[in-house]
Protein chains: 2
Amino acid sequence: MFFLLDCDGVIWTGDHVFEGVPETLELLRSRGKKVVFVTNNSTKSREEYLKKFTTLGIPSNVEEIFGSAYSSAIYISRILELPAPKNKVFVLGEAGIENELRSENIPFIGGTDPALRRDMTPEDWKGLADGSLLDPDVGCVLAGLDFHINYLKLAHALQYLRRGAVFLATNIDSTFPMNHNFFPGAGSVGAMPLAFMTGTQPLALGKPSQAMLDAIEGKFQLDRARTCMVGDRLNTDIKFGVEGKLGGTLAVLTGVSKRADWEARDAVAVPAFYVDKLSDLGAVAL
Amino acid sequence: MFFLLDCDGVIWTGDHVFEGVPETLELLRSRGKKVVFVTNNSTKSREEYLKKFTTLGIPSNVEEIFGSAYSSAIYISRILELPAPKNKVFVLGEAGIENELRSENIPFIGGTDPALRRDMTPEDWKGLADGSLLDPDVGCVLAGLDFHINYLKLAHALQYLRRGAVFLATNIDSTFPMNHNFFPGAGSVGAMPLAFMTGTQPLALGKPSQAMLDAIEGKFQLDRARTCMVGDRLNTDIKFGVEGKLGGTLAVLTGVSKRADWEARDAVAVPAFYVDKLSDLGAVAL
């Protein structure tokens with residue numbers, strides 16, 4: 001049996017691990033359950049996530065971690081399979097995306113390139129408009145969470161999309177939680193602005209997109225009927241599990257969504273079960 | 001009789017004035033028609049627009065120019081009338097907006113402030129989340145075209161909106177034309193990202209928003225039945241005139257929209273008349 005676990009709001013909030021979580025994860029493993037951490041945060045690669053797990057005292061390994069940056073890289077290399085030479089990816093995002101693209105040997109530009117972290121120049125207006133500043137080998141735009149978003153990068157991405165590049169997003173979260181508040185999410189800084197400019201929607205590779213579940217199923221050969229998605233957000237985690245026809249969905253109340261959210265008549269998704277906190281699972285017969 | 005004229009795609013494209021336009025404007029004025037230039041571009045104030053008109057050899061004066069930055073300033077000072085001290089405006093945009101806000105004595109922060117043109121710091125994540133870095137007097141967020149958009153500014157705007165600031169946009173154009181191509185517009189860099197983050201739509205003060213037409217009507221005391229809107233875009237200019245129940249709408253074919261656009265069954269708006277170019281008006285009995 002598989003447990004797919006969201007991280008933020010389930011395992012931790014920021015750098016604070018919820019009480020009893022490491023013990024609960026060990027209990028699951030000792031009972032022969034397979035644990036996979038499924039996160040939409042694209043700013044970290046799996047290796048970087050592993051460091052965070054280790055620092056916070058939670059035993060894990062890279063094979064247990066499945067982030068939207070990795071999900072995107074897998075999709076590009078194994079499903080999209082753009083023919084060379086027009087197989088380069090223009091990235092809006094941070095190092096986590098770049099690391100995952102590298103791990104799949106996908107050529108890319110943009111991302112954390114310091115050459116793009118600057119104001120527009122008269123040469124940019126001209127060269128972007130006539131295409132002379134564009135890389136003819138770009139066949140895909142991948143929009144993730146970019147803390148260094150600027151006009152120059154958006155203008156590049158727009159031109160590549162206008163020239164026919166495939167439009168992908170690591171995820172389209174409107175915000176993400178931090179320090180008990182919310183900050184602009186991946187969907188808000190890149191994916192939705194580009195969708196508005198071009199009139200087309202990206203294929204999102206994070207929850208609740210079923211493309212992510214397909215990738216997880218492909219990698220772990222899991223049996224959906226014997227898989228449970230655990231998360232704190234109805235519109236990402238629980239929707240992901242319900243639409244994926246998983247055997248179970250389990251909401252925890254340590255994050256964003258509350259009981260009233262799924263008891264509402266227009267609830268975006270309703271979990272099969274809920275617990276106040278993940279460690280309550282220890283008291284349930286597994 | 002009033003002629004409301006869009007600029008880009010009607011009078012000029014970039015710095016190129018269409019043939020015969022200065023003469024046509026003089027002809028209109030000599031026949032006693034009142035001319036008003038109505039533009040969504042918020043990066044220039046009326047004074048800056050006047051400089052462009054003068055440089056391009058088109059006689060005009062500040063009173064003939066009505067841009068979305070001016071429209072926004074008028075709305076804030078004369079209709080919104082936020083009570084002091086919570087009447088400060090947080091601006092996403094360039095100097096044109098700031099100049100128009102100053103002309104109406106509206107206090108503002110943000111805009112071209114160099115202190116906001118930088119990366120996020122650990123202090124920003126903390127101080128934005130707990131509010132200690134926010135100005136308690138901000139009662140309004142005004143989103144325009146900001147060529148220096150960044151994560152720090154979007155995060156500020158999001159926090160002000162979450163604290164109840166009124167959400168305004170100079171305009172919500174998805175793109176704007178430049179050098180025979182398109183670049184990210186005001187709606188794409190600020191207004192729509194913030195709308196996606198907050199789940200609320202801004203009140204837009206540019207075409208086709210009727211708030212702009214109300215402001216023009218108030219200023220010029222025009223008779224709508226004896227007013228004609230001239231423009232190149234169906235979804236801004238022509239829609240603006242049709243929804244405002246103006247006496248006439250006139251499309252020109254020197255810009256974005258083509259005949260096929262309004263002949264389509266799902267046309268967003270249909271002009272009452274069209275000419276190939278503005279100077280063709282000279283051949284029409286006025």
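Modeller: Start with residue classes: Ala, Val, Leu, Ile, Met, Phe, Trp, Tyr, Cys and Pro count as nonpolar, Asp, Glu, Lys and Arg as charged, and the others, Gly among them, as polar. Keep in mind that this is a predicted model.

Biologist: By class, how many nonpolar, polar and charged residues does the lining of the second largest pocket have?

Modeller: That lining has 10 nonpolar, 10 polar and 10 charged residues. The volume of the second largest pocket is about 650 Å³. It is lined by 30 residues, and the closest to its centre are Asp8(B), Asn41(B), Tyr49(B), Phe176(B) and Pro177(B). Strand 10 of chain B gives the most to this lining, with four residues.

Biologist: How is empty space found in the first place?

Modeller: Rolling a probe the size of a water molecule over the atoms shows where space is left empty. Here the largest pocket has a volume of about 960 Å³. Of its 43 lining residues, the closest to the centre are Asp8(A), Asn41(A), Phe176(A), Pro177(A) and Met178(A). Elements of chain A that give two or more residues to the lining include helix 2 (46–55), strand 11 (181–184) and helix 9 (234–243).

Biologist: Which strand of chain A gives the most to the lining of the largest pocket?

Modeller: Strand 10 of chain A does, with four residues. By class, the lining of the largest pocket has 14 nonpolar, 18 polar and 11 charged residues. Domain 1 (2–40 + 208–283) and domain 2 (81–204) of chain A both contribute to it, so the pocket lies between them.

Biologist: Now strands. How do side chains alternate in a regular strand?

Modeller: They alternate between the two faces of the sheet. In strand 13 of chain A, both faces are covered: Thr227(A), Met229(A) and Gly231(A) are buried on one side, and Cys228(A) and Val230(A) are buried on the other.

Biologist: Which strands pair with strand 13 of chain A?

Modeller: Strand 1 (residues 2–5) of chain A pairs with strand 13 in the parallel sense over four bridges, and Phe3(A) has Cys228(A) as its bridge partner. Strand 14 (residues 248–252) of chain A also runs parallel to strand 13 and is joined to it by four bridges. There, Met229(A) stands opposite Thr249(A). Between strand 13 and strand 14 the chain passes through helix 9 of chain A, in a right-handed β-α-β crossover.

Biologist: Next, the backbone. Which residues does a cis peptide bond join in chain A?

Modeller: One such bond joins Ala84(A) and Pro85(A), with omega about 5 degrees. Pro85(A) sits in the loop between helix 3 (68–80) and strand 6 (88–92) of chain A. Another joins Lys207(A) and Pro208(A), where omega is about 5 degrees. The loop between strand 12 (203–204) and helix 8 (210–220) of chain A holds Pro208(A).

Biologist: And what is phi of Glu81(A)?

Modeller: It is near 45 degrees, a positive value in a residue other than glycine. Glu81(A) lies in the loop between helix 3 and strand 6 of chain A.

Biologist: Why does Glu81(A) count as exposed?

Modeller: Exposed means over 50% relative accessible area. Glu81(A) counts as exposed because its relative accessibility is 55%.

Key:
Residues numbered from 1 in each chain as written. Chains lettered and ligands numbered in written order. Predicted model: local features only at pLDDT ≥ 70, side-chain atom pairs only at ≥ 80, totals over all residues. Heavy atoms only, no water. 1 Å grid on protein atoms, 1.4 Å probe; cavity = no way out; pocket = protein on both sides within 12 Å on 5 of 7 lines; lining within 4 Å. Points joined across faces, edges and corners; volume = space filled by probe spheres on them. Domains from an automatic or database assignment. Buried < 20%, exposed > 50% of the residue type's maximum accessible area, 1.4 Å probe, protein only. Pairing = 2+ DSSP bridges. Right-handed = clockwise from strand over helix to strand, strands pointing away.
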